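Good morning, colleagues. Please bring the structure up on the screen, and I shall take you through several of its residues before turning to the whole chain.

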Amino acid sequence: MATAFARNQWYVSAYAGEVGRDLLGRTILGEPIVLYRTEEDGSVVALSDRCVHRRFPLSASRLDGDRIVCGYHGFTYDTSGTCVYVPGQQRIPRTARVASYPVAELDSLVWVWIGDPERADEKLIPRAPHLADPDMVTVRGMEPIDCDYGLLVDNLLDLSHETYLHGGYIGTPEVAETPISTEVDEAAGVVRVSRHMMDAACPPFYARSTGIEGRITRLQDIEYFAPCLYLLHSRIMPVGQTEPVFRTEITYAITPGAPGKVYDFWAVSRDFAREDDEVTKFLHDFNHTVVMQDVDALNLLQKALDSEPAGYQELSINIDTGGLAARRILARLASA
């Protein structure tokens with residue numbers, strides 16, 4: 001069953017570093033959007049990515065100053081989406097405009113509001129300040145997945161799969177064996193899942209980046225701010241010690257592209273070995289491998305679900321508590 005879209009919400013459309021003077025096309029909640037920065041002050045513009053004339057993608061067009069000139073027939077749009085030029089005539093049709101979407105740039109993320117623009121309130125955007133913290137080093141990427149976005153939410157809220165899907169990377173037996181605690185704030189749309197492993201094997205992700213040998217205390221504290229932002233606050237230290245604490249902030253932005261399509265924005269921020277370029281490259285490449293393991297699994301899972309006969313009954317257990325809470329919140333947001 002497809003997860004319904006909540007339109008009157010903020011979604012991550014891009015990393016700030018992705019948006020510049022080259023036109024960038026993204027599809028969010030089924031809406032094709034073109035993003036760019038203005039020459040005047042560098043602010044981000046988000047417009048509908050279809051010319052009103054013959055629906056040519058504006059992301060495949062060009063900029064003239066801060067105006068987009070359609071690459072097919074030359075219809076020209078200003079930053080508000082208003083058409084300011086049409087070929088071959090002086091009169092511009094009253095309906096010659098494309099939608100403009102509210103945009104906010106926070107914590108190195110570009111957020112866009114797809115719903116009623118009158119309801120767009122930047123104060124509602126959940127924060128990930130570590131992404132722009134000069135005392136943290138961040139690696140990041142984005143992978144599109146051909147699955148319902150609710151499957152990615154499920155995946156991230158139940159980390160017991162690390163033991164089996166990511167063994168030899170971030171998974172150890174203790175992840176699946178350790179019980180979780182879950183807190184749900186239905187009104188705020190926040191789900192928190194914690195797994196504290198007091199004596200665990202140190203997976204290669206941490207052993208090779210921190211230099212720790214032997215067993216560790218591994219604390220995983222998740223905060224999911226429906227519908228888009230997921231934060232995993234990770235702390236590790238040698239078992240039996242309180243110092244040093246190696247802090248890693250793992251961020252996911254879960255942005256539905258279209259039915260059966262989701263953008264998986266991922267980032268890993270750390271407060272250790274900040275000057276070590278080899279550690280930076282290792283964490284980027286290693287985490288990208290982990291993300292691709294999820295991508296492959298979720299693509300496969302979606303195909304399996306698409307072939308299920310009608311009436312299939314899903315089985316859930318204790319580890320699914322956070323994911324089931326997220327489903328309830330997403331359904332409520334979509335119906336609001």
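Predicted model: local features only at pLDDT ≥ 70, side-chain atom pairs only at ≥ 80, totals over all residues.

Thr 210 lies in helix H4. Is Thr 210 buried or exposed? Its relative accessible area is 18%, and because the limit for a buried residue is under 20%, Thr 210 counts as buried. Setting aside neighbours up to four places away in sequence, the contacts of Thr 210 are Ile 236, Phe 246 and Phe 272. A further distance concerns Met 237, which is 27 residues from Thr 210 along the chain. The C-alpha atoms of Thr 210 and Met 237 are separated by 9.6 Å.

Helix H4 covers residues 204–210, and Ala 207 belongs to it as well. Ala 207 has a relative accessibility of 23% and therefore counts as partly exposed. Outside the four places on either side in sequence, Ala 207 is in contact with Cys 202 and Ile 212.

I turn now to strand S4, residues 44–48, where Ser 48 is found. The relative accessibility of Ser 48 is 11%, so this serine is classed as buried. Which residues does Ser 48 touch, not counting those up to four places away in sequence? They are Pro 32, Val 34, Leu 58, Val 98, Ala 99 and Tyr 101.

The loop between S4 and strand S5, residues 62–64, contains Arg 55. Although Arg 55 is not a glycine, its phi is positive, at about 70°. With 47% relative accessibility, Arg 55 counts as partly exposed.

A positive phi is also found at Ser 108, again a residue that is not a glycine, with a value of about 65°. Ser 108 sits in the loop between strand S9, residues 103–106, and strand S10, residues 109–113. At 18% relative accessibility, Ser 108 is counted as buried.

Next, the cis peptide bonds. One of them joins Ala 226 and Pro 227, with omega about 5°. Pro 227 is placed in the loop that runs between strand S14, residues 216–225, and strand S15, residues 229–238. Another cis bond leads from Glu 243 to Pro 244, and its omega is near -5°. Pro 244 is located in the loop between S15 and strand S16, residues 246–258.

Which members of the largest nonpolar core touch the most other members? This core has 82 residues, and the answer is Trp 111, Leu 157, Tyr 224, Tyr 230 and Ile 254. Helix H5, residues 277–306, gives the most to this core, contributing eight residues. Apart from this core lies another, of 16 residues, including Tyr 36, Leu 47, Cys 70 and Val 86.

Once its neighbours within four places in sequence are left aside, Trp 111 is in contact with residues from several parts of the numbering, among them Trp 10, Tyr 11 and Val 12. The list of contacts for Trp 111 also includes Pro 102, Val 103, Ala 104 and Leu 106. Ile 125, Pro 126, Cys 228 and Leu 229 are contacts of Trp 111 too.

Finally, the chain as a whole. The protein has six helices and 17 strands. Of its 336 residues, 51% count as buried. What share of the contacts with a separation of 6 or more comes from residues 24 or more positions apart? The share is 57%.

As to overall dimensions, the C-alpha atoms fill a box of roughly 75 × 55 × 35 Å along the principal axes. The radius of gyration is 22 Å, which agrees with the value near 20 Å that a compact globule of 336 residues would have.

The protein exposes about 15800 Å², and carbon and sulfur atoms supply 50% of that area. On the charges, there are 31 positive and 48 negative, and their mean positions are 8 Å apart.

Thank you; I welcome discussion.

Conventions. Residues numbered from 1 in each chain as written. Heavy atoms only, no water. Core = buried A, V, L, I, M, F, W, Y, C linked by side-chain atoms within 4.5 Å. Buried < 20%, exposed > 50% of the residue type's maximum accessible area, 1.4 Å probe, protein only. Helix = DSSP H or I, 4+ residues; strand = E, 2+ residues; numbered from the N terminus. Contact = heavy atoms within 4.5 Å. Rg over C-alpha atoms; globule rule 2.2 N^0.38 Å. Areas by Shrake-Rupley, 256 points an atom, 1.4 Å probe, with all protein chains shown as cover. Lys, Arg positive; Asp, Glu negative; His and termini not counted. Charge placed at Lys NZ, Arg CZ, Asp CG, Glu CD.
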